[in-house]
Amino acid sequence: MRLKVLGSAAGGGFPQWNCACPNCARVREGKFPGTPRTQAQLAWNAAPGEWTLLNASPDLRVQIEATPELWPQNGARNSPIRDVILTGAEVDQALGLLLLREFHCFRVHATPSVRRILTEDNSLFGVLARFPGQVTWNDLPLDGAASAGGARLEALPVHSGFPGFVSASRQRELAPAEAAIGLLITPESGGRTLAFLPGAGCVSDELLERLESCDVLLFDGTFWSDGEPSRIPGITRTARQMGHLPISGAGGSLERFQSLRRPRKIFIHINNTNPILDDHSAERRAAVESGWEVAWDGMEIAL
């Protein structure tokens, strides 16, 4: 199975449209030793001519146009996209669904709570139900495995909350564990297992043990330090309070995963303020020396 990283940045991309932090400013000036990135998005191909999307980022149209394998073929209106897997209902994870509204049939797989938020609470998503069979919704279980896009999927708990736009009354009707999930992804035909955890505020010993059996780990690389987001205008919370384990510091991902030997370890969902985006930074060097890679748009992984 062939997996492509279509986007590797956190919400807003890099550079972010309204940000003039040192990273974003240097990119625009052509002085940054690194590459721009679109918002986090994966796709995989397990059967000829059929692709599955992991989440649906706001940058999805641009990402499709940058990926010839996802283009329509044979002079007709069509798409090789057959399935979309959602790990949550955040704007960064689901907005791209609306970009697939042009009379194309596909399947969406999500937890029951995420499905209800998108289909019952937001009338805008009605554009995905304009004719019978346009979009078929399938529930992802928290216990046991599901099958989609030629892969076996197992949910991983991330202990995250529902998006801020979900009302308190609606949240009381939903299952908290279904707010957001990570995933273990294994080709049904056999092969290697990839763990996808782009947003994780903590890593339990149980989760660490499960990840030891994986071959590839795509993990939350949003912030370098716990205090990094508090330096962004309008944000008063720490990285952990926002549901993101920082890379550095006591209990950060470099320290927490130090004993993890088997998987190839890759940071994804990298915020525009994170110094690891700079190829020449001390922080990037520390991550690499600790056995980590930094995902980039167009990166490919074989499973």
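**Aromatic pairs and an open sheet**

Six aromatic pairs occur in the structure (rings of Phe, Tyr and Trp, its six-membered ring, with centres within 6.5 Å; planes under 30 degrees apart are stacked, over 60 edge-to-face, the rest tilted). The model is predicted: local features need pLDDT of at least 70, side-chain atom pairs count only at pLDDT 80 or more, and totals for chains, interfaces and linings use all residues. Residues are numbered from 1 along each chain as its sequence is written, and side-chain values use heavy atoms, leaving out hydrogens and water.

Phe219 and Phe257 have ring centres 4.8 Å apart and planes at 75 degrees, so this pair is edge-to-face. Phe219 belongs to strand β11, whereas Phe257 lies in the loop between α7 and β12, 38 residues apart. Both Phe219 and Phe257 are buried (under 20% relative accessible area, 1.4 Å probe, protein chains only). Phe267 and Trp292 are stacked, at 3.9 Å centre to centre and 5 degrees between the planes. Phe267 is in β12 and Trp292 in β13, 25 residues apart. Phe267 and Trp292 are buried as well. Ring pairs join Phe219, Phe257, Phe267 and Trp292 into a cluster.

Seven strands form an open sheet with mixed pairing, in the order β6-β5-β4-β3-β2-β1-β14 (strands are DSSP E runs of at least two residues, helices H or I runs of at least four, numbered from the N terminus; two strands pair if DSSP finds at least two bridges between them). β6 and β14 are the edges; each has a single partner strand, so one side of each lacks a neighbour in the sheet. Strands β1 and β14 run antiparallel, joined by three bridges. Arg2 has Ala302 of β14 as its bridge partner.

Note on methods: Buried < 20%, exposed > 50% of the residue type's maximum accessible area, 1.4 Å probe, protein only.
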